[in-house]
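Hi there,

I'm passing a structure on to you, with some notes on what turned up in it. Have a look at it first, then read on.

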Amino acid sequence: MTKILVIEDEESVRENILDLLEAEDFETIAAPNGKIGVSIADNESPDLILCDLMMPEIDGYGVLAQLRENFTTSAIPFIFLTARAAKEDFRQGMELGADDYLTKPFTRTELLTAITTRLQRQAAIINNPISLADVKAYPKEMRIIENTLRRTIEEGKFREFQMYYQPIVDIKSGKMIAVESLVRWWSPKLGLVCPEELIPLAESTGLIIPLSDWILESVCKQTRNWLDNGLDALTSCVNISASQYIQPNFIHKVENLLSTYNLAPHYLELELTETTMMQDINKTIDILKKLKSIGINIAIDDFGTGNSSLIYLKQIPLNTLKIDNYFIHNLPEDNRKLAITKALIEMGHNLDLKVVAEGVENLGELRLLRHLKCDAMQGFLFTEPLPKPDFEQMLVSKQSLNI
Ligand SMILES: [Mg+2]
């Protein structure tokens, strides 16, 4: 049952709202002033708060400011109730992060519409993986995700992040040869946040550095763990962001991890997207040369959709070229994609690279890739990214792709 907290000092108004909400089957809690309201919000975690603006001692702004400060209450939808429809009040409330504003006296319909809209929006954030489109449409929700991410990372709650594993399979033998590690964020507050949403947000806020350090270490640790348990030693592929690898101590960090976990460098493959590499191509070449000289594998990821100049391709020290799933999707039905994919595979081979097709979903695509002599594939045809226990099951049973 949806729980609504009503913070209102005028008893008659408060009782009126409570009656109305209870008639609509909401569970209600009432607070006669701001101080009690804040403490109830903290203890009871209501689904929504209706709060009067003008109250003695702590007014509505004070309540909202305190709630937004507190981790457990910062994302509760908040609607102001006010007797004045003054523009300054409205703006100040919105700047503090209020979700809506109701001017008293309001009708039953106005109240219920405001509540339902807010609850629906909140439910959309909590229950569904947040898509980038949603995030763009709701800057307010984006702020919530951003704040939550910041707190999670600053408080070192990395247990909320989990690695998922997607095998990369050799197309000739059907055997797993590598595994890409992908991070997912299970936020108790937001639900599941996928890498496609998490990574750009982490990048834009600078949180990517501590997060990607944690990811890289987790991957090294896990690879060591599999080796210790006698499981097939696959190359561990990990996505590297632009701001991460241009850090002056990045190479040093990687070397440290290899020595801490006693890992031979060939167990690690760093994936950088074409777009990332092109941001500062000369610096990229420089850093990647050093990494490759240590013995680490380098892959160019999502190839074909960025705007890389092919001239650089022979200068970048690479081992692997990953063709973006855009070209693989519907490959047998699309002659243009087929022509491009064929050319990319040939080009990759001429440059001595292993070519991996991303996003392979069906047998038709696989057969064609095999015919085109693509080296390896990754995608739902074999498996989606798996949580650790499921992936380990595959490792133990040496599962392979039926070709
Ligand atoms: Mg990748």
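Let's start with helix α9, which runs over residues 208-228. In this predicted model, α9 has 21 residues, and from its first C-alpha to its last it reaches 30 Å, close to the 30 Å expected at 1.5 Å a residue.

Which residues of α9 are buried? They are I208, L211, S212, I215, L216, V219, C220 and T223. These residues cover an arc of only 165° around the axis, so they sit on the same side of α9. After α9 comes G230, and the phi of G230 is positive, near 70°.

Now go to the start of the chain. Strand β1 (residues 3-7) pairs with strand β2 (residues 27-31) in the parallel sense, over 5 bridges.

Finally, here is the protein as a whole. You will find 18 helices and 15 strands in it. The C-alpha trace spans about 80 × 45 × 45 Å along its principal axes. The protein has 403 residues, and 35% of them count as buried. Looking at contacts between residues at least 6 apart in sequence, 64% join residues at least 24 apart.

Best wishes

Technical notes. Residues numbered from 1 in each chain as written. Predicted model: local features only at pLDDT ≥ 70, side-chain atom pairs only at ≥ 80, totals over all residues. Pairing = 2+ DSSP bridges. Helix = DSSP H or I, 4+ residues; strand = E, 2+ residues; numbered from the N terminus. Expected span 1.5 Å × (residues − 1). Buried ≥ 20, exposed ≤ 12 C-beta atoms within 10 Å, placed from the backbone. Arc of directions from axis to C-beta. Contact = placed C-beta atoms within 7 Å.
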